[in-house]
Amino acid sequence: MSSTLYDQIQAVRKAYPQSRSAIIPALRLAQEAHGGWLPEEAFREVADALDVTPAYCLSIASFYDMFHTEPVGRRLVEVCTNVSCALSGAQGVVEAFERELGVHVGDTTEDGGVTLRTVECLGGCGWATVVAVDNRHRLHVRAGDVAGIVKELDEQP
Amino acid sequence: MSSPEVVFAGTDGGAVTELAEYEASGGLAALRRAREMTPDEIVAELNASNLRGRGGAFFPTGRKWSFVPKPEQNPRPHYLVVNADESEPGTFKDREIMLRVPFRFLEGCLIAARGIESTHVFIYIRGEYEREYEILVSALEQLRKGKHLGDVTVVVHRGAGAYICGEETALLESLEGERGQPRTKPPFPAIAGLYASPTAVNNVESIATVPPIIEMGGEEYAKLGVEDSTGTRVFSLSGNVASPGNYELPHGFPLKDLIYDVGGGIPDGRTLKAVIPGGSSTPILTAAEAERVTLDFDSLSQAGTAIGSAAVIVIDDRACMVQLGIRVSQFYEHESCGKCTPCRVGTRWLTQILKRIESGAGTHEDLDLLLDVGERINGTCLCPLGDSDAIAVASYVAKFREEFLAHVEEGACPFHGTSSLDGIVAPTDVHEAHVGPAEIPRPLEIVA
């Protein structure tokens, strides 16, 4: 097991009176260490570091939307489609991404480069449509902006 | 607008992210004053202000703090937990507060901690807020270097994407490293919260309002706004409006002025159809109702809705209300933690019935069935997530019944593909229903 991940988790758990509280930050670190998703090995590593079981780690990871238990692309594009974004044309943005990337929502491009998802409210309702690219929020995205965003993704793989 | 800014005061529309700049404009004066006050005096000042929780429940903040036992009554560590898990659709105010006035917010944390005699603060920030997290960590580091934290430790804890963790007991579960599922109450967090210890859970905006209250005095703060809804509020304005954004205004501000004056009105020559006044959990208002109400607890309660998280979603005449219902219901279905059966199953049924109506296959009975399923959710669960879906959908049926009936009578959506919500996209990981809408039990069968 990667000693750095173990060490990172030990550093994080010190912030909490009870070490189990560190499970979300620990899973986040593990996910970063495993290319953006959590394979079984990651659960064993987190379990070792926090004195819990791998099954417990999976039960936590499966509860939260930001943890991925299946492989994802190197880049993650998430379009908010909740009410305010939907009223402002999020559907058109989603369709434009599907067209430009050549994938359906939920899928990853063939080269493993980009995963496209739709997500619930990202808390940017007044700046609709909000698109998170690797968790960084792009605001006021319109369907016409999508080709440019996809080009940027291609340029910085 | 002549109304004074309280939360965003001194920012001049920008952000104050350097401690020196914050102190130069009088920042941390409230903290120094609070450290000369006793905890009881701090709580008394909050009570005089009648500050009520800005997360949505509108519970008096001072009273909440007064429920936390004294250390001599309960020697366990006391905790202040700040709810920065802002996720109610339509709401984006706490995020802007953390971005623009991080020091006022953190100063409020330190004062609040003193008010409940705590030296442990946890800020639970939603995992998607990347930049906000970085700003908070930077501001916290500056305060630490300046030795302003005293004996208080502040931990910024990041969530990982779950609306339910905005519910305070689910938040505490999540912070303890569990799945974020609500607890039974009582005991309330004040008595047995984080690690079964006395805990106050407060919203970001509530906490960011504490320093100005200490500075100007509770009575002075209470002069802002209207009776029972004192002070200012950061309203999140979104949807079909020319200038969406966060606007800090006094409670009691007319909704129509927020939409037409502050927000610049409805763009593209469209007309106002409906307004959701306090986040997607609150009942909808028709355009006519929206003309009449003011943005405070009493006015919105009298109109049958709620101020909620002060998230005003403006909807123009292009939107199909059945589609709106589907989108809102899908959200609650997706975010239901699954602990209570009426919510887990009921939110899914509501979505399916709405989809049947939208497809043109609905019957007159389906309108009653929506209300019936909703009634069986309301008040039956540990937290109000399912109720939010039921109440919102019931309000769409009640206020726009003709439009629902038109779907049934025409055997199709009367918008015929022109609705602004047409093709609404559910989140990627909403699981497919295990039963088709036809298999949803009819009301009598549920009773049996």
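**Entry 1: a strand pair in chain A**

I began with Glu78(A) and found that Glu78(A) stands opposite Arg117(A) in S2(A). I noted at once that I am reading a predicted model. Next I looked up the strands. Strand S1 of chain A covers residues 75–80 and runs parallel to S2(A), with 6 bridges joining the two.

I then sorted the side chains by direction. Val114(A), Leu116(A) and Thr118(A) point one way, while Thr115(A), Arg117(A) and Val119(A) point the other way. Both sets are buried.

**Entry 2: chain B as a whole**

I turned to chain B and counted its elements: 20 helices and 13 strands. Its radius of gyration is 23 Å, close to the 22 Å that the globule rule gives for 448 residues, so chain B is as compact as a globular protein of that length. I also looked up the box around its C-alpha atoms. Along the principal axes, the box is roughly 70 × 50 × 35 Å.

How much of chain B is buried? I noted 57% of its 448 residues. Then I checked the contacts between residues at least 6 apart in the sequence of chain B. Of these, 72% join residues at least 24 apart.

**Entry 3: the parallel sheet**

I traced an open sheet of 4 strands in chain B, in the order S3-S2-S1-S4. The pairing is parallel. The edges are S3(B), residues 153–158, and S4(B), residues 199–203, each of which pairs on one side only. From one strand to the next, the twist averages 20°.

S2(B), residues 120–125, pairs with S3(B) in the parallel sense over 6 bridges. Ile123(B) has Val156(B) in S3(B) as its bridge partner.

Which helix lies across these strands? I found H8(B), residues 168–175, lying across S1, S2, S3 and S4 of chain B. H8(B) runs at about 110° to S1(B), which covers 79–84.

**Entry 4: two helix pairs**

I picked H2(B), residues 29–36, and H6(B), residues 102–115. Their axes come within 9 Å and cross at roughly 10°. That makes H2(B) roughly parallel to H6(B). On the H2(B) side, the contact is made by Ala30(B), Leu31(B), Ala34(B) and Arg35(B). H6(B) brings Glu107(B), Leu110(B), Ile111(B) and Arg114(B). By class I noted 5 nonpolar, no polar and 3 charged residues.

Residues of H15(B) in the contact include Met321(B), Leu324(B) and Tyr332(B). Among those they meet in H18(B) are Leu385(B), Ala392(B) and Tyr396(B). I noted 8 nonpolar, 4 polar and 2 charged residues in this contact.

**Entry 5: antiparallel strands in chain B**

I found a hairpin: S7(B) and S8(B), with 5 residues between them. The two strands run antiparallel and are joined by 6 bridges. Arg233(B) has Leu249(B) in S8(B) as its bridge partner. In S8(B), 5 of the 6 residues are buried, so this strand is largely enclosed by the rest of the structure.

I went on to S10(B), residues 272–276. Here 5 of the 5 residues are buried, so S10(B) is largely enclosed by the rest of the structure. S10(B) pairs with S13(B) in the antiparallel sense over 4 bridges. Leu272(B) stands opposite Asp316(B) in S13(B). S10(B) also pairs with S11(B), residues 285–286, in the antiparallel sense over 2 bridges. There, Ala274(B) stands opposite Thr286(B).

**Entry 6: where the chains meet**

Last, I looked at the contact between the chains. I noted 50 residues of chain B in contact with 41 residues of chain A. Which elements of chain B each supply at least two residues to this side? I listed S3, S7, S8, S13 and H15 of chain B. H15(B) gives the largest share, 6 residues. By class, this side of chain B divides into 21 nonpolar, 19 polar and 10 charged residues.

Key
Residues numbered from 1 in each chain as written. Chains lettered and ligands numbered in written order. Predicted model: local features only at pLDDT ≥ 70, side-chain atom pairs only at ≥ 80, totals over all residues. Axes fitted to C-alpha atoms, helices over the stretch in contact; angles between N-to-C directions. Parallel < 35°, antiparallel > 145°, perpendicular 65-115°, else oblique. Contact = placed C-beta atoms within 7 Å. Nonpolar A, V, L, I, M, F, W, Y, C, P; charged D, E, K, R; others polar. Pairing = 2+ DSSP bridges. Rg over C-alpha atoms; globule rule 2.2 N^0.38 Å. Buried ≥ 20, exposed ≤ 12 C-beta atoms within 10 Å, placed from the backbone.
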